[in-house]
Amino acid sequence: MDTTPDYFRNPPPRRIGALGWLERPDGRLAVIRRAYWGAISQWGLPGGSAPPNTHPRSALTLVVAAKLGLRVTAGRKLASDYAPAKPGQYEGANETYHALLPAGVEAQIAADCGYAELRWVSVEQALELAVDHERTRIEQCAHALADGFYRELYLGLPFPHPTTS
């Protein structure tokens, strides 16, 4: 008797996250400090989990509106970061999109959204704040913006790609 699970009929739970490279016309991008993480990897790009049956592009619009009070439309996909399941966490992927904001836009962190702070910084400053996989994700998104090639990540680390290796 075959005991292999039929993942088509009974799919495992998955988590999809939507992150935004929210950029002002002066080139500064939004980075947030998460209130619920320790000192390591506190800083990263804003975003959050997509509700069931919500495309990550739409989820980015919903999450940024709810957490920062900004109206954004997801532009070009910069990166996809896959994370396999581990004890206590579902398998998932974080999809990162570029969103160019109009001049003079202001953001305000919503109460109890999990963000402790928002800063508008240069890419270099973002790389100084972020560590580990968050830093690598920001670095890879900056490369994607510069060269036009989408990045695939695995647990925050770049997948080798013929055009980027």
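1. Helix α3, which covers residues 132–147, has 16 residues and reaches 23 Å from its first C-alpha to its last, close to the 22 Å expected at 1.5 Å a residue; the expected span is 1.5 Å times one less than the number of residues. Helices (H or I, at least four residues) and strands (E, at least two) are DSSP runs, numbered from the N terminus.

2. This is a predicted model, in which local features need pLDDT of at least 70 and side-chain atom pairs count only at pLDDT 80 or more, while totals for chains, interfaces and linings use all residues. Residues are numbered from 1 along each chain as its sequence is written, and side-chain values use heavy atoms, with hydrogens and water left out.

3. The buried residues of α3 are E134, T136, R137, I138, Q140, C141 and A144, where buried means under 20% relative accessible area, exposed over 50%, and partly exposed in between (1.4 Å probe, protein chains only). Just after α3, G148 takes a positive phi of about 85°.

4. E124 belongs to helix α2, residues 123–129, and counts as exposed because its relative accessibility is 53%. Between the C-alpha atoms of E124 and I138, which lie 14 residues apart along the chain, the separation is 9.8 Å.

5. Strand β5 (residues 77–83) runs parallel to β8 and is joined to it by four bridges; two strands pair if DSSP finds at least two bridges between them. The bridge partner of D81 in β8 is L153, and L153 also stands opposite P158 in β9.
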